[in-house]
Amino acid sequence: MSAASALPVQPTPPSPTHQQTAEARAAFTASLLSAGTSTVESDLKARAGDLHANTAAIDKQEQALLKETKNLGREGDKWQKVVDDGARGVKETGDVQNWAEMLERDLCVLEDTMAMVDEEGGNVDKAGAEGWANGRGR
């Protein structure tokens, strides 16, 4: 017995017609498109929903940021006032210090003048005393 005779003979299926092939190809393409479209479409719808939800959240955050920016501006104004008050106080302290130094110089001049008068032993001539008394000794 030969090996070829041992195998059962399978009938060959009839070959499809050109029209059947075109119909099968069209059906397959349509199923691929509908499967891909529904997946892509659902993904796009989900993303669009997320975008709309995020837009609302961003708008809310923007309003909160504007409010906090205004509050920060007010705080900045308060701190500027504190700085200005401090600068004014430092200037006044400098003015007081300058005034005190000038007063101290004047007092030193008076002290030196009095010391010179004491050294002379009170010997002031009559013309000098009269000049001072009449306001001409300056």
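Here is a chat about the predicted protein model shown above.

Me: What kind of model is this, and how are residues numbered?
Reply: The model is predicted, so to speak about local features we need pLDDT of at least 70, side-chain atom pairs count only at pLDDT 80 or more, and totals for chains, interfaces and linings use all residues. Residues are numbered from 1 along each chain as its sequence is written, and side-chain values use heavy atoms, with hydrogens and water left out.

Me: ok, what's the mean pLDDT of the protein?
Reply: The mean is 80, and 75% of the residues reach 70 or more. pLDDT is the predictor's confidence in each residue, from 0 to 100.

Me: Which helices have the lowest and highest confidence?
Reply: Helix H3 (residues 126-133) is lowest, with a mean of 52, while helix H2 (residues 18-119) is highest, at 88.

Me: New topic. How much of the protein is buried?
Reply: Buried residues are 1% of the 138 residues. Buried means under 20% relative accessible area, exposed means over 50%, and partly exposed is in between (1.4 Å probe, protein chains only).

Me: Which residues make the nonpolar patch?
Reply: Val-96, Trp-99, Leu-103, Leu-107 and Leu-110 make a nonpolar surface patch of about 530 Å². Patches are made of residues with over 30% relative accessible area and no salt bridge; like charges are joined within 9 Å, and nonpolar side chains (Val, Leu, Ile, Met, Phe, Trp, Tyr) within 5 Å.

Me: Is Leu-107 buried or exposed?
Reply: Leu-107 counts as exposed because its relative accessibility is 51%. Leu-107 is found in helix H2.

Me: How many salt bridges does the whole structure have?
Reply: Four. A salt bridge here is a side-chain nitrogen of Lys or Arg within 4 Å of a carboxyl oxygen of Asp or Glu.

Me: What does Lys-81 pair with?
Reply: Lys-81 pairs with Asp-85, at 3.3 Å, N to O. Both lie in helix H2, four residues apart, about one turn of the helix. Lys-81 is exposed at 52%, and Asp-85 is partly exposed at 35%.

Me: Where does Arg-88 come in?
Reply: Arg-88 meets Asp-85 in a salt bridge at 2.9 Å, N to O. These two are three residues apart in helix H2, so about one helical turn separates them. Arg-88 is partly exposed, at 45%.

Me: And what about Asp-95 and Lys-91?
Reply: Their side chains meet in a salt bridge too, at 3.6 Å, N to O. Asp-95 is partly exposed at 43%, whereas Lys-91 is exposed at 55%.

Me: Which residues are joined into one network?
Reply: Lys-81, Asp-85 and Arg-88 are, through salt bridges that share partners.

Conventions
Areas by Shrake-Rupley, 256 points an atom, 1.4 Å probe, with all protein chains shown as cover.
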